[in-house]
Amino acid sequence: MPTIIGTDIHQAADFLRKNETVGIPTETVYGLAANALNEQAVAKIFEVKNRPFFDPLIVHIKDVSQIHLFAADIPKLALKLAENFWPGPLTLVLKKQNIVPDLVTSGGDTVALRMPNNEMTLELLKQLDFPLAAPSANPFTYVSPTSAVHVFDQLQGKIPYILDGGSCKVGIESTIVRVLENSLEILRPGGISEDALRSFLPDVQIFGINENISSPIAAPGQLEHHYSPFCKLYALEDHIKLDVQIDAVIYWSKKSEKLKDSGAQNFYFTENGEFSEGSKNLFALLRKLDKGNFKNVLFEWAPNENLGVAINDRLKRASAKRSSII
Ligand code: TXA
Ligand code: MG
């Protein structure tokens, strides 16, 4: 099938009404969307991505009030979070309503909901009378896409349309939280930092990513090996132990202390160390290295605070050895 990249929201909506999958822009990463209430349409997402059925999908909705259509027994805390952070990079895991197909939730009794902060996709959602299930629009375990061309590079021929909303402003996926009556559990670090959640909710107990109270893979898609480029990534501090020829180094910032005489080409996540710039550049840079045929790449961790936590989470998984896949 030919894959069109365009800005025609009506055309994207038509394909979605016909139960096709469409690449959609969000502020985090591009999604591969389909009608969340139609099992046939949702099945196509898994097929195109080569995604295992045990990994549930996030359902994208057009406004806060739609939470009630798809979730049940909603804690007040969830509504408070949605009202403050939506539209934006925060996904809420709540008890699901029956209307949400089992395929979307991998048979589980919770659903992940989010209202994305992208004008085109919000307009698209307004034109549709159903919500959109959408994982990141990359083949399973590869680097997430942050532009329409990234989606095209890997999914061309498999999907009819990619709605082009430019480069993603945040650049890493949403923060996923399980919301309980008066506590929160962070299942995946992302575009809203733990600090931001804590300062918004000073009286609420927040379990960070290393203090999970539910299963260790509570967000089942969070494999040890994930977000992985074809080049091999190694942490900068390990370079002395390596016996491979390093052909590129990605420094956190242009101001980082450089390796002497590495002979490798230098890249930077940021000019000055700004977290938002680092998250925006992260995936595009990994894809660029693959395009440039780099094989062995050193990277410098972000400072482990603020959005650096989510950036480092992606770097850790992207550099994990493939043999560690579960
Ligand atoms: O920013 C984002 O969240 C992007 C954009 C497109 O919205 N989406 C995204 O989707 O990152 P995906 O499928 O690549 O990652 C979704 C994660 C997976 O790890 C999945 O296991 C988890 O969300 N998830 C989905 N439903 C869940 C649920 N009911 N309970 C726990 N985890 C869930
Ligand atoms: Mg993903």
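A salt bridge is defined here as a side-chain nitrogen of Lys or Arg within 4 Å of a carboxyl oxygen of Asp or Glu.

## Basis of the model

This is a predicted model, in which local features need pLDDT of at least 70 and side-chain atom pairs count only at pLDDT 80 or more, while totals for chains, interfaces and linings use all residues. Residues are numbered from 1 along each chain as its sequence is written, and side-chain values use heavy atoms, with hydrogens and water left out.

## Salt bridges

The structure holds 14 salt bridges. One of them joins Asp102 and Lys96, at 3.6 Å from N to O. Lys96 is buried (under 20% relative accessible area, with exposed over 50% and partly exposed in between; 1.4 Å probe, protein chains only), its value being 13%. Asp102, at 45% relative accessibility, is partly exposed.

Glu185 and Arg178 also form a salt bridge, at 2.9 Å from N to O. Here Glu185 is buried at 0% relative accessibility, whereas Arg178 is partly exposed at 26%.

In the salt bridge of Arg314 with Glu173, the closest N and O atoms are 2.9 Å apart. Arg314 belongs to helix H10 (residues 308-318) and Glu173 to the loop between strands E9 (161-163) and E10 (175-179), so the pair ties together parts 141 residues apart in sequence. Helices (H or I, at least four residues) and strands (E, at least two) are DSSP runs, numbered from the N terminus.

Arg314 is buried, with a relative accessible area of 1%, and Glu173 is buried at 4%.

Note on methods: Chains lettered and ligands numbered in written order.
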